[in-house]
Amino acid sequence: MKNIVILISGRGSNMQALLAAKLEGHIAAVISNKSDAHGLLFAQQHGIATAVVSHTNYPERERFDAALAEVIDSFAPDFVILAGFMRILTPDFVAHYQGRLINIHPSLLPAYTGLHTHARALADGVKIHGCTVHFVTADLDHGPVIIQVAIAVLPDDTEHTLSARILHEEHRIYPQAVRWLCSGQVKLDANGKVISQCHNLPAQALISPALDLP
Ligand code: GRF
């Protein structure tokens with residue numbers, strides 16, 4: 001069984017979705033850079049080991065990442081899952097976990113990297129928005145894509161309603177992506193390309209607004 005370490009910074013709803021999914025993998029630990037991260041309590045209540053590595057104790061990013069990696073590696077993870085972990089990681093850290101480190105981002109990457117993705121999508125008036133699970137590379141929010149969900153942006157959507165619908169989808173795709181990783185159906189090759197044995201592709205396009213019926 002694969003060993004999994006989850007990194008969070010706050011609410012931890014994606015972490016909860018991963019726990020609820022009863023993966024064929026052992027969640028060895030949940031680690032946060034913030035001691036008041038809500039998700040830590042949830043993990044503890046579910047009998048999962050937790051640890052805090054506070055970035056405030058490390059003025060230099062490299063030293064924080066080294067300390068974090070030491071704690072992560074003490075749990076001997078096969079995979080490290082970023083679930084709302086709000087720190088930019090150094091190239092050395094990312095290289096150390098190459099092919100074993102994934103993230104979920106609330107946009108259809110490569111659109112809307114960074115923060116405030118839903119507000120920016122609404123401001124741009126896009127009709128389709130979504131979320132992405134990807135391997136992490138040194139290029140922030142640009143790693144090779146594992147799975148994406150697209151949904152329609154509704155005319156009366158607010159940042160709140162849009163983010164709630166996307167979050168619901170995040171909770172569906174993240175456990176799937178981790179399952180594929182654990183089973184070996186998805187991996188990163190030496191050239192940084194995703195190798196996937198998941199060939200069940202949807203036949204229908206998402207068109208928004210929908211076409212008029214003939
Ligand atoms: C999610 O929207 C995720 O895509 C982004 O940060 C948010 C974390 O939410 N990276 P939660 O802590 O999992 O509830």
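Before you click anything, here's how burial is labelled: buried means under 20% relative accessible area, exposed means over 50%, and partly exposed is in between (1.4 Å probe, protein chains only). This is a predicted model, where local features need pLDDT of at least 70, side-chain atom pairs count only at pLDDT 80 or more, and totals for chains, interfaces and linings use all residues. Residues are numbered from 1 along each chain as its sequence is written, and side-chain values use heavy atoms, with hydrogens and water left out.

**Stop 1: the salt bridges**

A salt bridge is a side-chain nitrogen of Lys or Arg within 4 Å of a carboxyl oxygen of Asp or Glu. Searching the whole structure turns up two of them.

Select Arg165 and Asp157: their side chains form a salt bridge, 2.7 Å from N to O. Arg165 is partly exposed, at 26% relative accessible area, while Asp157 is buried, at 11%.

Now select Glu169 and Arg172, whose side chains also form a salt bridge, again with 2.7 Å from N to O. Both sit in helix H6 (residues 159–183), three residues apart, which means about one helical turn separates them. (Helices are DSSP runs of H or I, at least four residues, and are numbered from the N terminus.) Is Arg172 buried or exposed? Arg172 is exposed, at 55% relative accessibility, whereas Glu169 is buried, at 14%.

**Stop 2: the nonpolar cores**

A nonpolar core is a set of buried Ala, Val, Leu, Ile, Met, Phe, Trp, Tyr and Cys residues joined through side-chain atoms within 4.5 Å. The largest one here has 39 residues, and those with the most contacts inside it include Ile6, Ile81, Tyr174 and Val178. H6 gives the most to this core: nine residues. Apart from it lies another core of 20 residues, with Val5, Ala29, Leu68 and Phe85 among them.

Next, pick Ile146. Contact means heavy atoms within 4.5 Å. Leaving aside neighbours within four places in sequence, Ile146 touches Ile102, Val133, His134, Phe135, Ala177, Trp180 and Val186.

**Stop 3: a helix pair**

Finally, show helix H1 (residues 13–20) with helix H2 (residues 38–45): they pack at an angle of about 20 degrees, with axes 9 Å apart. Axes are lines fitted to C-alpha atoms, for helices over the stretch in contact, and angles run from 0 to 180 degrees between N-to-C directions. H1 and H2 are therefore roughly parallel (that label covers angles under 35 degrees). Which residues meet? Met15, Gln16 and Leu19 in H1 meet Gly39, Phe42 and Ala43 in H2.

Methods:
Helix = DSSP H or I, 4+ residues; strand = E, 2+ residues; numbered from the N terminus. Parallel < 35°, antiparallel > 145°, perpendicular 65-115°, else oblique.
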